[in-house]
Amino acid sequence: MKNIFNQLHSEEILNRIDKLIPSSKPEWGKMDVAQMLAHCSYFQDIAMGHSFPARGWLGMLIGNFVKPIFYNDKPYAQNMSTIPTILIVDEKEFETEKEKLKQKIITFQNNGPEKCTTHPHPFFGKLTSEQWGKGIYKHLDHHLKQFGV
């Protein structure tokens, strides 16, 4: 499984983000490309320990049992539900969101696993930095595939 803490994997993601254009259309889902970039950026904030969404009851009940879904090799379902606080419905500016996400990925990768949050994921609960690194890669890969890159 690829890991965002690996520089080659991080560069691959950044290059794919650079292939997006404001008119990129999703193959599934409701977000436009700028909203998707903002969504991924907000998710980076969680992994970096800058945002702490509350754990929902369902996550507390089953999150620990299903947490490998977050970081294993199996792709996410196309219309998988998301953390309500990072579901983006308002309009976003493409270039701003693109640069913001790229900078967060670079910072996260440069900071390395030791600076990864120790706060629990809002659904899956406590994760190791390796699980976060794999999960972040998988999440970004999922959304980039959503937009055909």
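Is Cys40 buried or exposed, and what is its relative accessible area? Cys40 is buried, with a relative accessible area of 2%, where buried means under 20% relative accessible area, exposed over 50% and partly exposed in between, computed with a 1.4 Å probe on protein chains only. The model is predicted, so that local features need pLDDT of at least 70 and side-chain atom pairs count only at pLDDT 80 or more, while totals for chains, interfaces and linings use all residues. Residues are numbered from 1 along each chain as its sequence is written, and side-chain values use heavy atoms, with hydrogens and water left out.

**Cysteines**

- The structure holds 0 disulfides, a disulfide being a pair of cysteine sulfur atoms within 2.5 Å.
- The sulfur of Cys40 has its closest cysteine sulfur in Cys116, at 16 Å, which is too far for a bond.
- Cys116 is likewise in no disulfide, and Cys116 is buried, with a relative accessible area of 8%.

**Helix α2 against helix α6**

- Helix α2 covers residues 33–47 and helix α6 covers residues 129–146, helices being DSSP runs of H or I with at least four residues and strands runs of E with at least two, numbered from the N terminus.
- The axes of α2 and α6 come within 11 Å and cross at roughly 175 degrees; axes are lines fitted to C-alpha atoms, for helices over the stretch in contact, and angles run from 0 to 180 degrees between N-to-C directions.
- The two helices, α2 and α6, are therefore roughly antiparallel to each other, given that angles under 35 degrees count as roughly parallel, over 145 as roughly antiparallel, 65 to 115 as roughly perpendicular and the rest as oblique.
- On the α2 side, Met36, His39, Cys40, Phe43, Gln44, Ile46 and Ala47 meet Trp132, Ile136, His139, Leu140, His143 and Gln146 of α6, contact meaning heavy atoms within 4.5 Å.
- Sorted by class, this contact of α2 with α6 has 8 nonpolar, 5 polar and no charged residues; Ala, Val, Leu, Ile, Met, Phe, Trp, Tyr, Cys and Pro count as nonpolar, Asp, Glu, Lys and Arg as charged, and the others, Gly among them, as polar.

**Helix α1 against helix α5**

- Helix α1 (residues 7–18) and helix α5 (residues 94–111) have axes that come within 11 Å and cross at roughly 180 degrees, and α1 and α5 are therefore roughly antiparallel to each other.
- Gln7, Ser10, Ile13, Leu14, Ile17 and Asp18 of α1 make this contact with Lys98, Leu101, Lys102, Ile105, Ile106 and Gln109 of α5.
- By class, the contact of α1 with α5 has 6 nonpolar, 3 polar and 3 charged residues.

**Aromatic pairs**

- There are 6 aromatic pairs in the structure, counted where rings of Phe, Tyr and Trp (its six-membered ring) have centres within 6.5 Å, with planes under 30 degrees apart taken as stacked, over 60 as edge-to-face and the rest as tilted.
- One of these pairs joins Phe43 and Phe70 in an edge-to-face arrangement, with 6.0 Å centre to centre and 65 degrees between the planes.
- Because Phe43 lies in α2 and Phe70 in helix α4 (residues 68–71), the pair ties together parts that are 27 residues apart in sequence, and both Phe43 and Phe70 are buried.
- Ring pairs link Phe43 and Phe70 with Phe123, Phe124 and Trp132 into a cluster.

**Trp28 and Gln146**

- Trp28 lies in the loop between α1 and α2 and is buried, with a relative accessible area of 13%.
- Apart from neighbours within four places in sequence, Trp28 is in contact with Gln78, Asn79, His142, Lys145 and Gln146.
- The C-alpha atoms of Trp28 and Phe147 are 8.3 Å apart in space, although the two residues are 119 residues apart in sequence.
- Gln146, in helix α6, is buried at a relative accessible area of 3%, and beyond residues up to four places away in sequence Gln146 touches Lys25, Pro26, Glu27, Trp28, Gly29 and Met36.

**Partly exposed residues**

- Arg55 is found in the loop between α2 and α3 and counts as partly exposed at 28% relative accessibility.
- Leaving aside neighbours within four places in sequence, Arg55 has contacts that include Met60, Gly63, Pro120, Phe123 and Phe124.
- Ile62 lies in helix α3 (residues 57–66) and, at 31% relative accessibility, counts as partly exposed.
- Ile62 and Phe123 are 61 residues apart along the chain, with their C-alpha atoms separated by 8.5 Å.
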